[in-house]
Amino acid sequence: VVGFHQPGSIRLATTPVRVDEFKYQMTRTGWHATEQYIIEPEKIQEMFPLLNMNKVLAGLYNPGDGHIDPYSLTMALAAGARKYGALLKYPAPVTSLKARSDGTWDVETPQGSMRANRIVNAAGFWAREVGKMIGLEHPLIPVQHQYVVTSTIPEVKALKQELPVLRDLEGSYYLRQERDGLLFGPYESQEKMKVQDSWVTNGVPPGFGKELFESDLDRIMEHIEAAMEMVPVLKKADIINVVNGPITYSPDILPMVGPHQGVRNYWVAIGFGYGIIHAGGVGKYLSDWILHGEPPFDLIELDPNRYGKWTTTQYTEAKARESYGFNNIVGYPKEERFAGRPTQRVSGLYQRLESKCSMGFHAGWEQPQWFYKPGQDTQYRPSFRRTNWFEPVGSEYKQVMQRVGVTDLSPFGKFNIKGQDSIRLLDHLFANVIPKVGFTNISHMLTPKGRVYAELTVSHQSPGEFLLITGSGSELHDLRWIEEEAVKGGYDVEIKNITNELGVLGVAGPQARKVLQKLTSEDLSDDVFKFLQTKSLKVSNIPVTAIRISYTGELGWELYHRREDSVALYDAIMNAGQEEEIDNFGTYAMNALRLEKAFRAWGSEMNCDTNPLEAGLEYFVKLNKPADFIGKQALKQIKAKGLKRRLVCLTLATDDVDPEGNESIWYNGKVVGNTTSGSYSYSIQKSLAFAYVPVELSEVGQQVEVELLGKNYPAVVIQEPLVLTEPTRNRLQKKRWKGQNLKKDL
């Protein structure tokens, strides 16, 4: 019998900002199947009568929550696996792993060797050791976590039903009933918590199994006091056990689940800071992915390839400390965490820009989010409402729309692909056609079931040689997919990851051409350097690959150059643009600009949960191209069946809060969809959001509601884009001129 207790759980809000956080979470839960409610203090008291209600403002209640004995569950899962024919051998420590040329593995154990088609590293706090056998340094670190068990407490014994699990977020501990007593486990601050670093340097002690560390009550004293204040019966309870054991942390607390880039048929399910709770879900997720060749749903947050060579042991330790200490802090939108930064992976402009802006962290890189102006509040002030970056971002938006702006895009993932089969490989990978030499297009890699695995820009540099660009967070996620397909199909290609070698500057705005033309002999005029063309040229005598493209939707170029040339290139452009009042802009302004142009973003508007048709990407999907690209057949079926939902653009009038994405969409008192991203639109001075809604609610003019911080705001589906892109405005203007000249001739 597996003793699963399901008394539900309550998170406690004892400050107004926590109540906001609960409301923020509720709009994210609304469009999922999970049951969750905000409950009033009266209800909390009724469910947990032993609580001191003085500070309690609200609770976040999950009826399905509970606790289980991990040992019994593990044994039950093992028994179930055997029943279905799995062979379990233990004790059988793995002593070596050898990759064979056909992609299979030889696994050595004291009980003999076996051949495996693939291996899954699910080795808990031995995961690092297993990784090292094949030359990988998984960024994992064991932290010490303590929990305290009390003897019988008469008031607990007298209860008619089991208490819900309690999470006191300000006190930073969880507390639950254990038989007739209580059990509670605190997360102490990053200064006080203890990392088991000897395991990182010397490895896990051989034979370490169910052993524990020495307990240390002093370290958790303030949390014990907080718990006694919240649950006063604890004051007279006896502590009968203090348990201190290892928990494996990844830098960001999230586990690493899935196939690993750079090694064939090596999968991981490691770094679970919360242990057994994830077991069932992750087992199913991984087995589905292995069986069907694609993830059953999108979990990019858990991609093991979000880390890379930049994740040093020092970084991992600093981050694990921070993540452990921050277990119960308020989860704000656009949150930044500063431990372990910067990594060695900074752009060439980091020193130049660092003091001028607020930096955001992207896959080890630092990228400007917004820039400070003299006299402005430059502090990091996260909030659920508009905060100190709201006005500065408005100025940057105006800068790009009216003059010219420069932004550091160096974090992009960048790959070079060449070889005799390069065109054939890309034609198989991408739903779009392959661009002609000297041109660029936007292309999507789809999964066999027709979901959007990735979005990249593909530039055909010279015959058969390509530059592929993807978002910073997708670098190794996309590279792995491309490499795997190349091996599987036996394509003769050379794939190089050049992400760290190249810097990228974006120059955008109506004056962009005027500024750049001062620095190059290459003709940048509209007829000679067309939209989506790519050319190698010199800017201020620095060799660059220039692509006429901009995520702002304004006139602009992306300039790819050697990382060591970034400062010289940036300075040259800034000096050349003095007369045009050139200035910097960051990712927040970029987001507002791209939303107004209705540009989709991978990871928000599209991912492995969406198909390109419902995401409005038909223009980039060429179902009639001869190549049988991955996902083509599935997409034909999706098209024939017809869509159930569609991505639309919404405007909404709010007060001091803007949509972020993942909020619930309401219609007629029911949740019918979700936002995918959002921002304030500085052009119409309202909020703007992308959202998925049922097809019948996707017509222009349709009214719905968007739930933000516990309040439903009226929204309306608009004709997209809100603002036409520069190439479109240009084309329309030329048409008008032609029309006017025709009239004159007549």
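Reader: Why is Ser215 called partly exposed?

Author: This is a predicted model, and the relative accessible area of Ser215 is 37%. Buried means under 20% and exposed means over 50%. Ser215 falls in between, so the label is partly exposed.

Reader: Where does Ser215 lie, and what does Ser215 touch?

Author: Ser215 is in the loop between helix 6 and helix 7 (221-230). Not counting residues up to four places away in sequence, Ser215 touches Gln146, Val242 and Asn244.

Reader: What makes the pair of Tyr24 and Phe384 tilted?

Author: The structure holds 30 aromatic pairs. In this one the ring centres are 5.1 Å apart and the planes are at 50 degrees. Rings pair if their centres lie within 6.5 Å, and planes under 30 degrees apart count as stacked, over 60 as edge-to-face.

Reader: How do you know whether Tyr24 and Phe384 are buried or exposed?

Author: The limit for buried is under 20% relative accessible area. Tyr24 has 15%, so Tyr24 counts as buried. Phe384 has 6%, so Phe384 is buried too.

Reader: Why is the pair of Tyr680 and Tyr682 called edge-to-face?

Author: The planes are at 80 degrees, with the centres 5.0 Å apart. Edge-to-face needs over 60 degrees, so the label holds. Tyr680 is buried at 13%, and Tyr682 is buried at 15%.

Reader: What makes Arg28 a charge over the ring of Tyr24?

Author: Its charged end sits 3.6 Å from the ring centre. The distance limit is 6 Å, and the charge must also be within 35 degrees of the ring normal. Lys622 likewise lies over the face of Tyr619, at 5.2 Å from the ring centre.

Reader: How many disulfides does a search of the whole structure find?

Author: It finds 0. The test asks for two cysteine sulfur atoms within 2.5 Å.

Reader: Why does Cys357 count as buried?

Author: Cys357 has 3% relative accessibility, and the limit is under 20%, so Cys357 counts as buried. Cys649 is buried as well, with a relative accessible area of 2%.

Reader: Which residues of the largest nonpolar core touch the most other members?

Author: They are Val544, Trp557, Leu559, Leu569 and Ile573, in a core of 32 residues. Helix 15 gives the largest share, 6 residues. Leaving aside neighbours within four places in sequence, Leu569 is in contact with Leu505, Val539, Ile542, Val544, Leu559 and His561. Another core, of 28 residues, lies apart from the largest one and has Leu12, Leu51, Met53 and Ala227 among its members.

Reader: How does the reach of helix 9 compare with the span expected?

Author: Helix 9 (residues 313-325) has 13 residues and reaches 18 Å from its first C-alpha to its last. That is close to the 18 Å expected at 1.5 Å a residue. Its buried residues include Tyr315, Ala320 and Tyr324. Among the elements that cover the buried residues of helix 9 are strand 8 (141-150) and strand 12 (239-249).

Terms used: Residues numbered from 1 in each chain as written. Predicted model: local features only at pLDDT ≥ 70, side-chain atom pairs only at ≥ 80, totals over all residues. Heavy atoms only, no water. Helix = DSSP H or I, 4+ residues; strand = E, 2+ residues; numbered from the N terminus. Expected span 1.5 Å × (residues − 1). Buried < 20%, exposed > 50% of the residue type's maximum accessible area, 1.4 Å probe, protein only. Contact = heavy atoms within 4.5 Å. Phe/Tyr/Trp six-rings, centres within 6.5 Å; stacked < 30°, edge-to-face > 60°. Core = buried A, V, L, I, M, F, W, Y, C linked by side-chain atoms within 4.5 Å.
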